[in-house]
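Dear colleague,

I am passing on the structure below, followed by some notes on what was found in it. Please read the notes alongside the coordinates.

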Amino acid sequence: MEPAPKEHVRLLGAPTVARLAMFARHVGPAVLLTTEARMGLYSDTHVFGALRSMDPHLSDWHGKREKVVVSLQHALRAFPERPESYALELVKGGAYGRDELLERLVSYGFERDESPGFVVRGDTVTLHLTDAVEEPEALTGEGTVRLEFFGDELDALEVDGEPAEKYVLEPRTQEHLDRQEWTAKLLEKLPGAVYLDAPELYPSEVSEAMAEWLWQHLAQRSTVSFGRDPLAARDEAPPMDALGYYRGKLSDFTADLHMWLKDGYSVQLLLKFERTGRYLRERVIDSVESHWRNRVEPHAGQVSLLLARDTLGGYKDDQRREVVVTEELLYGYQGDRKPRHVGGKRVADASQLTVGDYLIHPDHGIGRFLGLEARQVVGVTRDYLNLRYAGEGKLYLPVELLPLLRRHPGTTDDPPRLSTLGTNEWARAREKARASAELLAAELIKTYAQRQVSQGTAFPPQPEWDELIEKNCPFVLTPDQQRSVTEVLADMEKPVPMDRLVSGDVGFGKTEVAIRAAHRALGSGAQVAVLVPTTVLARQHHLTFQERFAGLPVRVEMLSRFTTDAHAKDILAGLKDGKVDVVIGTHRLLNESIVYKNLGLLVVDEEHRFGVGQKERLKGLKANLDVLSLSATPIPRTLYMSLVGLRDVSQIGTPPEGRKPIQTVLQPYDPMVVREAIVAELERGGKVFYIHDRIGSIGLRARTLNQLVPEARIGVAHGQMNEGELEEIMIGFEEGAYDVLLSTTIVESGLDISGANTLVIERADRLGLAQLYQLRGRVGRRQTEAWAYMLYPGRLTEQAQRRLYAIAELNDLGSGHLLAEKDMEIRGVGNLLGPEQHGHVSAVSLEVYTEMLAEEIAKLKGEQRAAQLPQVTVDLDLDARLSPTFIQDDAVRINYYGRLAETISLAEVSHIAREMREAYGPFPPEVKAFVDLARLRLLASAKGVATIKEHMTDVQLSFDAALDSLDYDAKRMKGLAFSAEPTPYPPGFSIKKRGLKAADVPGAIMELLYLVG
C-alpha cells in the first residue's frame, strides 16, 4: 500500500509480522522507525522480497538500501546536509577527476607525500591510511589503498595488496568531520514514507524537545502508524487479520491449516530453526505438499517453510489469499497463567553421621551427637562419641560401640525430645511402642493371612511359549533383572495370589520384568492389565509392549484420553470376549463398567500416583489377581510393609550395561549457568527438562528463558493445564517439537524421553529427597552422560542443605531404594491399615519401631529371625584410634569410624584400610591398632567370643559356650610363637603377655582364634 503524499494512515492491531510485510512490500523507498529494543524484529525483510539497511552511518551511506530500518535515537542524531560528501566511494570502473580527487583527499586530512597521507606516481595514487609505513614512497603494504587510473577512469583498485571492486574512504578524524556544520538529522535525509512501529514508546525514549521536533517533521511526511500517536491520521483496519496464539496446541493449528489449504490459501511458515521445520513436516504437515523456500510467494494450496529468526505473530490476508504463521505464534506465550561438581564417591548412607545428629542408645535413649573427643583412661587414649542428653546429661561412648546406636531422623527444624539419664523414661517409651507393635502386627498378619489363603490362578511354565518372548527383547538381562524375573515367575506358578513389588532405579529395566510376567500370563490364556498414572506413560508402555509382542498372537491396546470413542468401544468389547489380550491405560481402567473375560495379571506402575478412591477400586479389582507393582522409590507404606516382611520385594540394584552415573551440579542460581547447561545439551543434539515449581510465574519464566536461550524451543507443562493441552505438549517434547520442557514437578515419575540428558531444577531446596531423586531420574536413561543442575537461592535451611548434599552425593547407580528409606524417616509412613503409629515412631524412631514390629510379626508367623552377630567387649591396654594428625577433617574421621563399625566382613575392613592408606599414607601405630581391632571384633564375634580382657600378665578370651564344646587344634596351638592355654573358667583361652609387644597382641589373638573351629 502506497500512501498519498503527506497522507497519514493509522492501522491498529496489525501483528509484527504484518507490519514487516507492509513495510517490505511498500513501492519505492521507505523508512521504518522503531525503538532500539525492537530493531531485531524487522531484520528479516528479505523473506518479503526486500533488502534493507539498519541504522546507516556515513561510512555505508553510498550503499544503503531502498528500505531503511532505523531506531529512534539514531534517527534523531545530527547529520550533515550533504552526507554524500562525507564518504568517498571508490568503485572500479568509475570516473573521478584528478584535481577534484586530490582536493578531496586533502580535505579528508590526508597530506601529500606524508604518512598517513597519499603518494602520486603518474597514473597511480597510493593512500597510506596509518602512520606505520616508514617510507611514504612504498606502493603496497599494510593499511594501503592503491588506485590505478586510465585517464579519469579507475582501472584497478587494490586494498592491502589484494584486488577489490569497491572501497569507501572516510575523513581521517572527527576534526575533519566537523569542517562543515551538521545542521540536519538523519531522519530528514532518508527518503520515502515513514512507518511508525510502537509510537507509544517514543516519548520515553527521547527528550521532550526532540519528541516535539519529531512530530512536527513527521507531519510533513507520509506516514503509516501502527499505534497511538499525536498525528492527525486516518484510522483504517489493517488489510490482514491477526491470528491468535496456538500456545503449543499443534492439533488446533493442523485443523486450521487444512481449512486454509482447502480454501486455496498459500500458507507461509516463518521458522526460527530448521529443526522445527523438519519436525512439522514429519509430524504435523506430512499429509500436505510443503517446500522450503527463500521468500514469501503465492503457492495456492501449498505450505512454504522459510527461515526468519526474529519475526512475531501471524496474519491471514484475504486479498492476497495468504496466511503467514511464525514459530513464535505456534509456541509462544505458553503457561500464562562456575559450578561445583560433586564427585561420584561411594555413599553408604544418604544421611551420614554428622555432628548434631540424634542417636538412640538401646539403654539410655535419645541423645545428640556433639562430636568426637579423645579421652585417656588408665593410660590408654581412645576416641569417644560425645552424646548430650536432657539437662546436663552427657555420655561418652567408645567409637567401637557405634553399631549399638540407631539414628533418629530428627533435625534442628523438628528435633525429638532428648532422654533423661538415670530415669526409666526411655524404657517406658520402648514398652509402649512394643505393645503398639504387637497389636499392629496382629492386624497386619491377619490381612497377610487372608491373602495367603485366597485361591488365585497358577501360571505354570510353558517351555515352548516362554522362549518366544526373547526374540523380540534386544536387551540382555542384568543378574538382578534375571533374579527378579525368576522370583516373579515363581510367585505366578503358585495358586496363591501374587503381590510383589519390583523396586529398582529409574531406567534399570523394571518394565522388562513386567513384560516377561505378562508373557507368562498370556501363555496360560489369561488377560493382562497395565495401570499407569499418565497418558504419556501409557503411550510409551503401549509402544514397548507392541514391539515386544510383535509377531506373536497377542493383541495389545491402549485406553486413554487419546483413544477415540469408537476405538474405546471396540477395546471394551474385546476385553469382554477375550479378543484383547493386553490393555494399557490410565485410571480409566478402574471404571466399574469394564468387564474382563479372564484377567489374570495386573501390573501397577507408580502406584503412589493414584488417589485414595482409585486405590479402593484397585483393592476390589485385585482381590484374587496376581499383582505386580513397579516403583523406583517405593512409597513409604509399601516400603515399610516390605521391611517388616509383609510384602515380597524384588530389588534391581545393578544398572544396564553402559549406563553412566548422572553428574550432579549443586550451586546457587546463576542465569549464565542455566544458559551454558541448555546450550551444551542442544549442541550435542539433546533435550532439557527445566523444573520451575510455581504455576503462577511459569509463563514469565518461559519468556525469560526465551530471552536467555533464544536458540532453544521451549514448551510449558503444568498440572492446571487442560489435560489435552498437557498431553500434547509432553508428546511434542518427546517427538522433538521442543528442546526444553519447562514444567512443574508433574514430570517426576515414569517419563522416558529419549535424548533428554540434562535437568535443571530452579529451586531444588523446596523439594523433598525422593522427589529430587525421581526428577533426576528423568535423565541419564541412555548411555549418554547426563547432567543434573540443582540450583538454590543464596541461603538454605539446615534441612534443605542436608537434602541437597544427600542427593548430590548419591551418584551411585541404584540408590533409589536407600533413598526411599531415608525419605520415609523424614516424612513418616502414614497410617497402616488404620491405627495411627506416628507417636510411637517419633518416640523411638522408625528403625527401632520397625525392628520391634518385624520381631512381633516373625513370632506370629512362627519364623526364626536371623540372629545378629553378638557384640564383643574388647578391653586391651592399647592406643587405638583414627588420630586427628592422620585424618584432619573430623567429618571424614567420623565417616570412617561409622563405616568400620558397620562392616560385616574382613574383606570390607581391608577395602576401607586400603582406601585410607591411599588417601592419607602409611598408618601410624594407633591407626594400625584400630584397624586391627576392627578385624579382631569381626573374627571374635564369628567364633562366639563374649569378651577379650587384658590383665597384668595375660589376655583372657571368654566364650559364651562351655570349654568342652569348643573345637580347637591343641597341637597347632602348642606351636604358636607365644604361650596360650585353655581355661575352664571362664571358658576360653589365656594368652601370656611375656614376649609380646602391646601392638602385637591383636595379631596374636587372631592367630589363636583361627585355630578355633
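Val679 has its place in helix H18 (residues 671-683), helices being DSSP runs of H or I with at least four residues, numbered from the N terminus. At 16% relative accessibility Val679 counts as buried, a word that stands for under 20% relative accessible area, with exposed meaning over 50% and partly exposed in between (1.4 Å probe, protein chains only). Its C-alpha atom is separated by 8.0 Å from that of Ala712, 33 residues apart along the chain.

This is a predicted model, in which local features need pLDDT of at least 70 and side-chain atom pairs count only at pLDDT 80 or more, while totals for chains, interfaces and linings use all residues. Residues are numbered from 1 along each chain as its sequence is written, and side-chain values use heavy atoms, with hydrogens and water left out.

On the aromatic side, rings of Phe, Tyr and Trp (its six-membered ring) pair if their centres lie within 6.5 Å, with planes under 30 degrees apart taken as stacked, over 60 as edge-to-face and the rest as tilted; by this rule the count comes to 13 aromatic pairs. One of them, Tyr202 with Trp215, is stacked, at 5.9 Å centre to centre and 20° between the planes. Because Tyr202 lies in helix H5 (residues 202-205) and Trp215 in helix H6 (residues 208-218), the pair ties together parts that are 13 residues apart in sequence. Both Tyr202 and Trp215 are buried. Elsewhere, Phe23, Tyr195 and Phe226 form one aromatic cluster.

Note on methods. Helices (H or I, at least four residues) and strands (E, at least two) are DSSP runs, numbered from the N terminus.
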